Structure formats: structure tokens, C-alpha cells
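Thanks for coming, everyone. I'll take a few minutes to walk you through a structure that may be new to you. Please have a look at it on the screen.

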Amino acid sequence: MMHSTPLLVIGAGPAGYTAAIYAARASMSPMLVAGMQPGGQLTITTDVENYPGFADAIQGPWLMEQMRAQAEHVGTSMFHDVITSVDFSSRPFRCEADSGDVFMAQTVVIATGAQARWLGIPGEQALSGFGVSACATCDGFFFRGKKVAVIGGGNSATEEALYLSNLAAHVTLIHRRDSLKSEKILQQRLFAKENITCLWDTAVEEALPDDGKRPALRALKLRNTRTGAISEMAIDGMFVAIGHDPATAIFKGQVAMDEGGYIITEPGSTRTSVPGVFAAGDVQDHIYRQAVTAAGTGCMAALDAERFLAATHSAERQAA
Ligand code: NAP
């Protein structure tokens, strides 16, 4: 089936839904293709306490369901499909979906997000949201006064350890090598913290649960990467900070990206290297990565697309 739309939103996280809500309310009749994981990273989160507007903790999947319903109520056409290829060489942009449907779009908002890298060890996914996390800013608050571990040796791990050291009683940074690759200034701050310890040459082999009714992390099984020695460390929380992968494979060669595969947007806007194509949320942000910042850039993308269409129509009228 062939669809024509003034605005196609690709992705159904906070950025995509917010872009759709603003576009629908601006009478742009947006279409949104939700992708493989409608709701995005928040669907694998439990308690959310940092999304403004909710005095009590809410559940991530519930918040995303509300955003989806809101986008639909104001007039977004939803498609439970996956965009598999795009052609941004001329307008209208052609986007093909897994079902065989083709979307011809005057403007596109890319909001496909990013995924945290996980260690892939036993216990990690079962305890995700129950002591295991990939976001200190999101979940650190739940570990006030407790003992936590951060895994990784880059800027993310160093920053997460520093952030957590202001909340947790003690932070152990566990790295598989004997030095960090993060910026020197961050390392200096880390080494100066009295409640942060670095555990070098150590890999986490398993996240071990306690035997209570509700799943909870109890300890980490560790392996010394030099000697092979196995040990166990009692811990309340594990924060995996080994990088993120933006979901941009289908846009390679179509819009400009940085070396990490993130889509480059003009500072202060959501404009990409292709006029009429905008990017919002984690797919263009490797710094803040929050639901609220994603929603904010989703709003910006809808406003940018609306202005782009208005300027294009006005230029076309003048030329006619
Ligand atoms: P990163 O620089 O790629 O570092 C990933 C770290 O995780 C490395 O130390 C790596 O160890 C380790 N690691 C990877 N896979 C692992 C595994 N399976 N088990 C154990 N450890 C593993 O990722 P990042 O720190 O998220 O940074 C990503 C990009 O964002 C970088 O360009 C970074 O500079 C940037 N960033 C910047 C800021 C800032 O400017 N403030 C903040 C955050 C991120 P090895 O060294 O052994 O490979």
C-alpha cells in the first residue's frame, strides 16, 4: 500500500510520540511507524520518578502507553510496522516498510533512539530494573546510601560513578583493564573521591539474585582477567556503562552521522544534513539521553518540520 503524508515520524519513544502530538495538533496529519519496540527504552524500565508532572513514581510502560494514546487521540495515524529502507535523495522522501507498504513523506522525523549495550551475562536481563540498570541518572536515586558497582572504563562509566558517588554509600568501578580511557579531568575527579574504589582487571561473570519473593540483585560473580581467579562481591546495584548503539543502520549514506553512528543535527535545532529530514531524541544525543530531553527535541522536530513546510509552500507559490 502507498501512503502520502506531510510528516512521517519513524520511532515510538518519547521523541517520536511528542513529535507526532505537536504535528497532529498543527494539522499536519502525521503518520508514525512504531518499529520493533514501540515505547522504546522506557518499556524496559520499572519505576520512573524523574518525568515531570507525576508526584508519585509511575511505571515506564504505562507512561509510554499514555504517550501513544495521546498521540492517537490528537490525530496521529499509527502503523505497527518497521521502516527497512529510506531514500532521502529527493522529496517526497520514500520510506519502505517491512510489510511492503511505502510511505511518501514531505518531511521526516527520525526518532529511532539508541540502545544501551549490555554485558550479556547470566542474571543481567532478569534483574534489569531490580538492581541492574544502564542509566545512573534514571535509577541512581533508588540506591541512596547503598553499595553499587559501575561497569566500564570510558567517559560514561567514569561520569556515572561520579554521579552515583553523591548518592550511594560506596561505588566500585569495575573495569576489565588496568586503566581508564576516559578524559584525564574526569579520572582526576574520580580518583579524588573517597567513596569510589576501582577494581582493575576484573570482568563481571554473573549477576546473582537473592532468594526473596521480589527479584533483587544480591552479588556479582567476578573473574580476574589476569589470573582467572573467581570471587563474589555483595552489592545492591550494578550500573552497566559500556556504551550505547544508536539505531541508525538504515540511514547510513542518507544523512550525516558522527563516528559513533549518531545523526548530526545543527546546534539549537533538529535539522539534519538533508533539508526536510529532522532527528530527535537519543538517535542524535549521546550526552543527555533522558526521556524528557527526548520529548523536548521531539517537540522541536515537529516545529522545525512545520516551519520547513510553510517556507517550502510559500517559495513554491511565489515561483508559480
Ligand atoms: P566507550 O568510550 O566506548 O567505552 C566503553 C567502555 O566499556 C570501555 O572502557 C570498554 O572497555 C568497556 N566495555 C565495552 N564492552 C565491554 C564488555 N563487554 N565488558 C566489559 N567492559 C566493556 O563508551 P562510553 O563511555 O559510553 O562513551 C561513548 C562515546 O560518548 C565516547 O565517544 C565518549 O567520549 C562519549 N561520551 C562523552 C561524554 C562527555 O563528553 N562528557 C560522556 C559520556 C560519553 P575496553 O576499553 O576494554 O574496550
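Let me start with Arg289. Arg289 is partly exposed, at a relative accessible area of 21%. The cut-off for buried is under 20%, so Arg289 does not count as buried. Where is Arg289 found? Look in the loop between strand E19, residues 277-279, and helix H6, residues 291-319. Arg289 is not a glycine, yet its phi is positive, near 50 degrees.

One word of caution before I go on. What you see is a predicted model.

Now to Ser27. Ser27 also has a positive phi, about 60 degrees, and is not a glycine. Find Ser27 in the loop that runs between helix H1, 14-25, and strand E2, 31-33. Is Ser27 buried or exposed? Ser27 counts as exposed because its relative accessible area is 65%, and the cut-off for exposed is over 50%.

One more backbone point. Which residues are joined by a cis peptide bond? They are Arg91 and Pro92, with omega at about 0 degrees. Pro92 lies in a loop, with strand E6, 83-87, on one side and strand E7, 93-97, on the other.

Next, helix H4. Several of its residues are buried: Ala157, Thr158, Glu160, Ala161, Leu162, Leu164 and Ser165. What covers them? The cover includes two helices, H3 at 136-139 and H5 at 184-192. Strands take part as well: E11 at 147-151, E12 at 170-174, E13 at 196-199 and E17 at 237-240. Here is a rule to keep in mind when you look at a helix. An α-helix has 3.6 residues a turn, so residues three or four places apart point the same way.

Thr158 counts as buried because its relative accessibility is 0%. Which residues does Thr158 touch, beyond those up to four places away in sequence? Leu180, Ser182, Leu186, Gln187 and Leu190.

Then there is Ser165, also in H4. Its relative accessible area is 7%, so Ser165 is buried. Setting aside residues up to four places away in sequence, Ser165 touches Val171, Lys193, Asn195 and Ile196. With Lys193 there is a polar contact, side chain to side chain, at 3.5 Å.

On to the ligand. How many residues surround the ligand? The number is 15, and the closest are Asn155, Ser156, Glu159, Arg176 and Arg177. Let me give you some distances. An N or O atom in the side chain of Arg177 is 2.4 Å from a ligand oxygen. For Asn155, a polar side-chain atom lies 2.9 Å from an oxygen of the ligand. Gly154 comes in through its backbone: a polar atom there is 3.4 Å from a ligand oxygen. How much of the ligand does the protein bury? Taken alone, the ligand exposes 900 Å², and the protein buries 69% of that. As for the site, the ligand sits in the second largest pocket.

Glu124 first. Its loop runs between strand E9, 114-116, and strand E10, 132-133. Is Glu124 buried or exposed? Glu124 counts as buried, because its relative accessibility is 1%. Its side chain reaches the backbone nitrogen of Gly120 at 2.7 Å. Leaving out neighbours within four places in sequence, Glu124 is in contact with Trp118, Leu119, Val132, Ala207, Met238 and Val240. For a sense of scale, take Pro52. Glu124 and Pro52 are 72 residues apart along the chain, and their C-alpha atoms are separated by 29 Å.

Last, Ala111. This residue lies in the loop between strand E8, 102-110, and E9. At 6% relative accessibility, Ala111 counts as buried. Its contacts, again without residues up to four places away in sequence, are Ile10, Gly11, Ala12, Ala15, Gly16, Ala280 and Val283. Compare its position with Phe79. In sequence, Ala111 and Phe79 are 32 residues apart; in space, C-alpha to C-alpha, they are 15 Å apart.

That's my tour. Over to you for questions.

Definitions and conventions: Residues numbered from 1 in each chain as written. Predicted model: local features only at pLDDT ≥ 70, side-chain atom pairs only at ≥ 80, totals over all residues. Heavy atoms only, no water. Buried < 20%, exposed > 50% of the residue type's maximum accessible area, 1.4 Å probe, protein only. Contact = heavy atoms within 4.5 Å. Near = heavy atom within 4 Å. Polar contact = N/O pair within 3.5 Å; in protein donor to acceptor, adjacent residues only side chain to side chain. Areas by Shrake-Rupley, 256 points an atom, 1.4 Å probe, with all protein chains shown as cover. 1 Å grid on protein atoms, 1.4 Å probe; cavity = no way out; pocket = protein on both sides within 12 Å on 5 of 7 lines; lining within 4 Å. Sits in = over half its atoms within 2 Å of the grid points. Helix = DSSP H or I, 4+ residues; strand = E, 2+ residues; numbered from the N terminus.
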